[in-house]
Amino acid sequence: MSQTIALAGKGGTGKTTVAALLVKYLTETGKTPVLAVDADPNANLNELLGVEVEVTLGEIKNELRTAVPESMARGDFIEMRLNEAIIEAQGFDLIVMGQPEGPGCYCAAHAFLSQALEKLMRHYAYVVVDNEAGMEHLSRLNMRKIDHLLVVSDASSRGVMTAGRIAELIKPLQLEVGKVWLLVNRAPGQIPPALDDYVRQICAEKKMEFLGYLKESPEIFEAEIERRPLLALPKESKVYQEATALFERLLSKGA
Ligand SMILES: Nc1ncnc2c1ncn2[C@@H]1O[C@H](COP(=O)(O)OP(=O)(O)O)[C@@H](O)[C@H]1O
Ligand SMILES: [Mg+2]
């Protein structure tokens with residue numbers, strides 16, 4: 001059985017950063033094979049993982065409407081193209097959703113593709129899904145069963161409140177989430193007690209479990225500026241050590 005961990009949160013809070021650190025943690029601790037899924041239309045998880053994307057699922061879906069060769073059964077064609085969309089890297093694979101189709105298009109291509117994706121996911125020990133703020137792809141692609149939903153917030157009261165609202169989207173999106181976590185990212189060295197109190201209050205109200213703080217990190221800042229993938233962060237780096245402690249806690253609590 002594979003475990004699915006999905007990232008959620010407002011834009012710019014650090015979902016992709018945390019997703020990349022999580023993929024690094026899972027691969028380096030042998031919790032493999034890992035499938036990383038970039039479900040943000042403005043995909044950039046691949047950059048933090050240091051891999052190139054050739055084709056996205058969205059592109060394949062468009063192709064399916066027009067370009068299925070006569071001689072090839074649709075199912076075979078989809079499987080072939082899906083395999084081409086899987087980027088194989090060291091210890092993990094990556095698949096990129098790309099742009100979703102317009103509203104109301106739940107066409108046959110879409111159904112085929114989500115089925116194929118569901119089948120594919122079973123081959124991995126862990127599936128890490130980086131999302132856009134609205135988590136639209138999760139319900140669209142029938143990725144409704146999520147073991148851990150990790151909501152990322154910035155270190156502000158308003159941010160934490162927004163994270164609480166995002167946790168409330170689970171119901172209308174009909175997601176089946178085992179456990180909802182809150183991670184407060186880019187936290188200052190000293191956590192203001194008022195913030196800490198508020199975090200715990202919102203967690204209790206919105207039925208989230210508080211995973212912890214990830215500090216503002218000069219190592220991430222530098223990697224970003226120099227466009228270095230986060231996978232290349234040294235194991236000893238402070239932020240990676242901190243993230244590792246958080247991920248260990250998350251995985252130790254079965255969903
Ligand atoms: N703990 C951190 N310390 C320093 N910079 C961070 C940290 N987490 C994220 N960032 C930076 O914040 C910006 C937004 O992060 P990103 O992961 O792209 O957010 P999201 O995917 O939620 O939009 C990026 O420039 C990233 O490098
Ligand atoms: Mg992102």
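The legends below describe several views of a predicted model.

Residues are numbered from 1 along each chain as its sequence is written, while chains are lettered from A and ligands numbered from 1 in the order of writing. Local features need a pLDDT of at least 70 and side-chain atom pairs count only at pLDDT 80 or more, whereas totals for chains, interfaces and linings use all residues.

**View 1. The protein chain as a whole.** The secondary structure comes to 10 helices and 8 strands, where helices (H or I, at least four residues) and strands (E, at least two) are DSSP runs numbered from the N terminus. The C-alpha atoms fill a box of roughly 65 × 40 × 30 Å along the principal axes. Of the 255 residues, 41% are buried, a residue being called buried if 20 or more other C-beta atoms, placed from the backbone, lie within 10 Å of its own.

**View 2. Helix α1.** With 14 residues, α1 reaches 20 Å from its first C-alpha to its last, close to the 20 Å expected at 1.5 Å a residue, where the expected span is 1.5 Å times one less than the number of residues. Because 13 of its 14 residues are buried, α1 is largely enclosed by the rest of the structure. Just after α1, Gly30 takes a positive phi of about 70°.

**View 3. The largest nonpolar core.** This core holds 75 residues, of which Ala36, Val128 and Val151 touch the most other members; a nonpolar core is a set of buried Ala, Val, Leu, Ile, Met, Phe, Trp, Tyr and Cys residues joined through C-beta atoms within 7 Å. The element that gives the most to this core is α1, with 8 residues. Leaving out residues up to four places away in sequence, Ala36 touches Ala19, Val23, Leu45, Leu49, Phe92, Leu94 and Val128, two residues being in contact if their C-beta atoms, placed from the backbone, lie within 7 Å.

**View 4. Leu230 and its contacts.** Leu230 lies in the loop between α9 and α10 (238–252), and this residue is buried, with 26 other C-beta atoms within 10 Å. Apart from neighbours within four places in sequence, Leu230 is in contact with Thr17, Ala20, Leu21, Lys24, Leu48 and Ala223.

Notes. Buried ≥ 20, exposed ≤ 12 C-beta atoms within 10 Å, placed from the backbone.
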